[in-house]
Amino acid sequence: MMTENLNVLIAFAAGVLSFLSPCILPLIPSYLSLVGGVSYEELSEKKSGRLRVFLRTLLFVLGFSIIFILLGVLFSGTGGFLTGASRILNIVAGSLVILLGLNFMFNFLKFLTVERRVHVTAKPAGAFGAVLLGMAFGAGWTPCVGPILASILFLAGSSGRVLQGSILLAFYSLGLGVPFLLAGLFFAQFLKQRDRLRAHFRTLRIASGAFLVFIGLLILLGRLQRFNIFLFRLSSALQSWQEASPLQVRLFFAALFLVPAVLLILSILRRARTDGRLRLLPGRSIFAAFFLILAALTLTALINPTGFFTFWFTFQGI
């Protein structure tokens with residue numbers, strides 16, 4: 001049995017890492033300005049066109065998602081014709097991804113770091129133009145995004161199932177697209193966090209390379225069936241605990257949701273003490289409220305996190 005749930009998480013995380021890569025992160029303001037048809041100053045000053053920027057960015061994300069999903073269909077469909085040699089395919093693909101990961105960290109194969117990217121300077125005309133710009137972005141191939149995207153394509157190809165490959169690339173696109181949308185909504189906060197991340201680009205490259213090595217091992221070893229067994233055991237233990245002590249389970253998950261909420265609230269208060277006045281930082285306030293609501297709904301038994309995690313741990317794909 002295959003761990004599609006693990007693969008989906010990996011694909012989403014790979015998308016987030018692609019967004020944080022040194023090739024993409026510094027260019028986000030330019031892309032948002034280009035897609036939204038507004039100036040950098042208008043984005044920074046939070047003028048009235050923010051909704052238009054968000055909608056155009058959504059179409060931009062749709063554009064590169066189309067390209068990535070089509071690549072997923074292509075690779076997984078090709079893998080389907082090679083099912084008789086699946087073990088050899090896993091070894092070759094896994095070894096290549098491990099090589100890409102090591103090169104991502106140490107850059108010993110210089111020809112892999114030659115940039116191939118589609119450069120667009122004209123502002124897109126309307127909504128359709130935003131989709132086309134997203135497709136141009138998806139068709140571009142940068143030294144940072146290329147190895148990460150390639151690893152997910154190899155993972156999709158090793159499945160030999162078109163639908164599963166499409167789902168993997170859809171989650172990769174989601175991991176890359178959600179930060180784009182959040183950056184457009186909270187542009188001023190994004191700029192501050194981006195400037196902080198600049199000092200950690202080397203660490204991000206090493207972490208991304210290690211992540212690629214992990215994906216390579218996942219492919220090489222045939223998706224780590226032992227991890228699948230662990231998930232089923234964990235799911236069974238959660239179900240047994242739920243049946244024996246439902247109140248304890250509710251308190252546990254409520255406390256789990258309260259931890260990030262409290263940390264976010266403390267960070268807001270610490271910022272207020274530094275600035276001398278209380279300001280509701282939009283991003284932190286929204287996430288703090290979100291986790292507080294989850295905790296409250298869990299305590300009142302209006303939602304059942306145990307059921308969600310049990311379903312997720314035992315999900316085996318379509």
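This is a predicted model: local features need pLDDT of at least 70, side-chain atom pairs count only at pLDDT 80 or more; totals for chains, interfaces and linings use all residues.
Residues are numbered from 1 along each chain as its sequence is written, and side-chain values use heavy atoms, with hydrogens and water left out.

**Exercise 1.** State how many helices and strands the chain has.

Solution. Helices (H or I, at least four residues) and strands (E, at least two) are DSSP runs, numbered from the N terminus. By this rule the chain has 14 helices and zero strands.

**Exercise 2.** Classify Phe64 and Phe180 as buried or exposed.

Solution. Step 1: buried means under 20% relative accessible area, exposed over 50%, and partly exposed in between (1.4 Å probe, protein chains only). Step 2: Phe64 has a relative accessible area of 0%, so Phe64 is buried. Step 3: Phe180 has 1% and therefore also counts as buried.

**Exercise 3.** Determine the class of the ring pair Phe64 and Phe180, and locate both residues in the chain.

Solution. Step 1: rings of Phe, Tyr and Trp (its six-membered ring) pair if their centres lie within 6.5 Å; planes under 30 degrees apart count as stacked, over 60 as edge-to-face and the rest as tilted. Step 2: the two ring centres are 6.0 Å apart and the planes stand at 50 degrees, so the pair is tilted. Step 3: Phe64 lies in helix 4 (residues 50-80) and Phe180 in helix 8 (residues 162-185), 116 residues apart. Step 4: both belong to one aromatic cluster, which also includes Phe19, Phe60 and Tyr172.
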